[in-house]
Amino acid sequence: MPDHSISSHERALIDRADSTPKRRSELLERFWQSRIKTKDPVARVGFALYCSSLDKLRRIIANGKSDYWGRGYYYWRAMRVQTLMNLALGLEEAGHAGDLEQTRDMVLAVGIRLAKQHIRTVTRDIRQGIGKTPGKLSARQIKKYHHQVFEELGIPRHYYGGTSLQSVPDSWELWLYGDLYCHDCDPRS
Amino acid sequence: MAVYAETPVANRLAGTDFCIPDRYAVRLEIREQADDELYDTSPGFDLNAKIHYNEAAKHLDGYVRNVADDGLPQYQTLYLGLRPAPKTESVPSRSVEDPTSLTTLTNTKDLFITDKVPSYLVPTEVLKKTANDNYITWGTCSRTSHHNQPAVYACQRRNLIIDSVAVEYNIHQANLSRHEGIDEFIRQKFESWQCEQSTDG
């Protein structure tokens with residue numbers, strides 16, 4: 001069974017990314033790439049979102065385990081685009097509109113906040129023995145910390161997971177995106 | 001016939017008399033295996049709640065609404081995680097062999113961290129000293145400040161038991177001095193969230 005705990009190296013990557021805005025992109029990519037090695041379910045979309053090139057995403061998926069990635073490169077590439085669009089639209093709706101560069105910086109800042117919450121939630125999961133597998137989060141835990149970060153920013157919750165269109169019925173989104181994070185999450189929380 | 005007025009039954013927390021009004025309810029809509037009654041997979045606990053920071057500030061003197069430190073806001077909406085409460089009657093006391101080893105948490109008089117130097121983003125247990133000098137587990141705090149900077153904590157209140165519901169919420173260091181007021185405020189909200197019964201003939 002893989003060790004899902006957060007290593008001191010992974011913590012240091014986020015600590016540095018938090019305090020060094022110019023290196024955020026690179027350090028977030030390294031953080032999520034490291035989490036892929038532990039089979040962290042959130043790392044798939046984390047890496048897809050923050051990796052510096054699509055070639056790198058394609059290579060990582062091609063060399064990875066198919067039971068971990070579940071679906072192939074084109075699915076995760078689509079998730080990357082959808083998630084980026086959700087974040088950019090959500091930030092704009094929350095009143096944080098900016099030009100392309102400013103939006104990119106904000107998306108990275110949100111990425112740091114989510115990574116910090118992820119680290120805390122995984123560590124708490126292990127210490128408190130939550131769920132079936134220590135350190136492996138459930139869909140509920142993942143959704144909750146995303147909601148919290150979005151609330152802090154004033155981003156409406158419906159921008160998390162799925163399409164950014166409120167008119168799309170939740171049942172459709174669940175069917176389409178239900179496995180986005182969680183085909184192999186801890187079934188209990 | 002008794003009916004539940006105003007609040008839809010869909011927002012009723014299973015096995016409780018609480019109905020979360022729509023404007024506070026956060027539906028999770030998660031496909032989980034409902035195989036363990038102790039956890040929030042129980043029917044009807046597919047709900048959390050949130051109280052907007054402006055409402056919290058209106059009721060709590062000095063409540064800090066926004067603790068932004070990176071150019072983006074960090075609004076202090078109270079996001080309440082809800083679970084069925086453990087079956088034990090009260091939060092058990094926590095034995096502390098050497099109370100002098102505890103460190104008082106910044107901005108508080110009655111909360112203590114158990115690690116002298118908490119590591120970055122590692123949740124550390126926080127104890128609360130009760131009126132009769134016992135200690136109970138209050139929650140956890142994590143240091144969010146960088147190396148060589150004054151410690152700043154982000155905390156999670158746990159074990160707030162309101163009847164048959166266990167509530168947890170995040171609280172930033174800036175609002176820690178109001179932690180008891182926040183607990184009380186949440187209790188009052190739950191009182192107002194009792195499913196109102198009316199006789200309808």
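In the predicted model, helix α6 (residues 73-93) of chain A packs against α7(A) at an angle of about 105°, the two axes lying 10 Å apart. Because angles of 65 to 115 degrees count as roughly perpendicular, α6(A) is classed as roughly perpendicular to α7(A). On the α6(A) side, Leu84(A), Leu87(A), Ala88(A) and Leu91(A) take part, and they meet Thr103(A), Met106(A), Val107(A) and Val110(A) in α7(A). By class, this contact of α6(A) with α7(A) comprises seven nonpolar residues, one polar residue and no charged residues.

Helix α7 of chain A covers residues 100-127, a total of 28 residues. After α7(A) comes Gly129(A), which has a positive phi, near 60°.

Helix α7(A) also meets helix α1 (residues 8-19) of chain A; the axes of the two helices come within 10 Å and cross at roughly 150°. Since angles over 145 degrees count as roughly antiparallel, α1(A) is roughly antiparallel to α7(A). The crossing of α1(A) past α7(A) is left-handed. Arg11(A), Ile14(A), Ala17(A) and Asp18(A) of α1(A) make the contact together with Ile112(A), Ala115(A), Lys116(A) and Ile119(A) of α7(A). Five nonpolar and three charged residues, with no polar ones, make up the contact of α1(A) with α7(A).

Another helix pair in chain A consists of helix α2 (residues 24-37) and helix α3 (residues 43-50), whose axes are 8 Å apart and which pack at an angle of about 150°. This angle makes α2(A) roughly antiparallel to α3(A), and the crossing of α2(A) and α3(A) is left-handed. From α2(A), the contact draws on Ser25(A), Leu28(A), Glu29(A), Trp32(A), Gln33(A), Arg35(A) and Ile36(A), and from α3(A) on Ala43(A), Gly46(A), Phe47(A) and Tyr50(A). The contact of α2(A) with α3(A) divides into six nonpolar, three polar and two charged residues.

In chain B, nine strands form an open sheet with antiparallel pairing, in the order β2-β3-β4-β10-β9-β8-β7-β6-β5. Strands β2 (25-27) and β5 (103-104) of chain B are its edges, each pairing on one side only.

Within this sheet, strand β7 (residues 124-129) of chain B pairs with β8(B) in the antiparallel sense over six bridges. In this pairing, Leu127(B) stands opposite Thr137(B) of β8(B). Five residues separate β7(B) from β8(B) in a hairpin, and Asp133(B) in its turn has a positive phi of about 65°. Strand β8 (residues 135-143) of chain B is also antiparallel to strand β9 (residues 153-162) of chain B, with five bridges between them. Opposite Thr140(B) stands Gln156(B) of β9(B).

The antiparallel pairing of β9(B) with strand β10 (residues 165-172) of chain B extends over seven bridges. Here Gln156(B) stands opposite Asn170(B) of β10(B), while Arg157(B) has Tyr169(B) of β10(B) as its bridge partner. Strands β9(B) and β10(B) form a hairpin with two residues between them, and Asp163(B) in the turn adopts a positive phi of about 55°. In a regular strand, side chains alternate between the two faces of the sheet.

Helix α2 (residues 179-192) of chain B lies across β3 (47-51), β4 (78-84), β6 (111-113), β9 and β10 of chain B. Relative to β9(B), helix α2(B) runs at about 40°.

Terms used. Residues are numbered from 1 along each chain as its sequence is written. Chains are lettered from A and ligands numbered from 1 in the order in which they are written. This is a predicted model: local features need pLDDT of at least 70, side-chain atom pairs count only at pLDDT 80 or more; totals for chains, interfaces and linings use all residues. Helices (H or I, at least four residues) and strands (E, at least two) are DSSP runs, numbered from the N terminus. The expected span of a helix is 1.5 Å times one less than its number of residues. Two strands pair if DSSP finds at least two bridges between them. Axes are lines fitted to C-alpha atoms, for helices over the stretch in contact, and angles run from 0 to 180 degrees between N-to-C directions. Angles under 35 degrees count as roughly parallel, over 145 as roughly antiparallel, 65 to 115 as roughly perpendicular and the rest as oblique. A crossing is left-handed if the near helix is turned anticlockwise from the far one by less than a right angle, and right-handed if clockwise. Two residues are in contact if their C-beta atoms, placed from the backbone, lie within 7 Å. Ala, Val, Leu, Ile, Met, Phe, Trp, Tyr, Cys and Pro count as nonpolar, Asp, Glu, Lys and Arg as charged, and the others, Gly among them, as polar.
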